Amino acid sequence: MNNQINIIKKGRPKTIDLERIKNVAMINYWSDGPTNVSLNEICFKAKISKPGLYREFGGEDGLMKSVLLLYKNTLIQQILDLLKLEKTFDETLDLLIAFVIGNKDEEHIKKGCLLAKFRQSREKFGEKTQEQIDIILRERYLNFELWIKKAKSKGEFNLPLSSKFVARYIISQLDYAISGLANGEKNNNIKDVLTLSLSVFRKK
């Protein structure tokens, strides 16, 4: 009986809030860049010991993977969900532009895209983090490609361009817009450029 009690006591402390730890890490990686934030700093701000963090996430690589999944399931998923609405291709373009430009969360605008920050320094991270970056990028790309193929099947997109090319182009324009906003470009300027760059795909 005493042995059973001792085993239970060695389990994870009930006070550890994994979601809070991931949120603290995400906010700091997002604000300062994932290569500029130390694990010690995350532990201090999240109020968790380094051994405790290693126990929960397996180390910095596991933590970064978890942060990327959190970012994907919150911010990136919102964009992917727009592609699944019962809207025309042109209407969805409008929704994508509005999402990027009309984001009222000033902090998100200033921070830019966390996925892009991880992608830019991909080789500096561990295997799990690199793998997760690639998985999210591939999933995002495939969702856009599927949306374009669907638009073609409905006769809403008639240009003689491959779905792969169009998906890459639209994603790159959205990424450019988010980066421009994060660098202090005016919303109206970014909106004009994004609207023009995507107008080439609209039905005439």
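Helices (H or I, at least four residues) and strands (E, at least two) are DSSP runs, numbered from the N terminus. This is a predicted model, in which local features need pLDDT of at least 70, side-chain atom pairs count only at pLDDT 80 or more, and totals for chains, interfaces and linings use all residues. Residues are numbered from 1 along each chain as its sequence is written, and side-chain values use heavy atoms, leaving out hydrogens and water.

**Cavities**
- Two cavities of 30 Å³ or more are found in the structure; on a 1 Å grid over the protein atoms alone, a cavity is a set of points where a 1.4 Å probe fits but cannot get out.
- The second largest cavity has a volume of about 60 Å³, a volume being the space filled by probe spheres set on the points, which are joined across faces, edges and corners.
- Its lining residues (those with an atom within 4 Å of a point) include Leu83, Phe89, Trp147 and Glu156.
- Helix α9 (residues 127-153) gives the largest share of this lining, three residues.
- Five nonpolar, one polar and four charged residues make up the lining of the second largest cavity; Ala, Val, Leu, Ile, Met, Phe, Trp, Tyr, Cys and Pro count as nonpolar, Asp, Glu, Lys and Arg as charged, and the others, Gly among them, as polar.

**Largest pocket**
- The largest pocket holds about 190 Å³ of space; a pocket is an open set of points with protein on both sides within 12 Å along at least five of seven lines.
- It is lined by 12 residues, and Gly112, Cys113, Lys117, Ser179 and Ala182 are the closest to its centre.
- With four residues, α10 gives the most to the lining of the largest pocket.
- That lining has four nonpolar, four polar and four charged residues.

**Helix pairs**
- Helix α6 (residues 89-101) and helix α11 (residues 187-199) have axes that come within 10 Å and cross at roughly 160°; axes are lines fitted to C-alpha atoms, for helices over the stretch in contact, and angles run from 0 to 180 degrees between N-to-C directions.
- α6 and α11 are therefore roughly antiparallel to each other, as angles over 145 degrees count as such, under 35 as roughly parallel, 65 to 115 as roughly perpendicular and the rest as oblique.
- The axes of helix α2 (residues 18-32) and helix α3 (residues 39-46) come within 9 Å and cross at roughly 130°.
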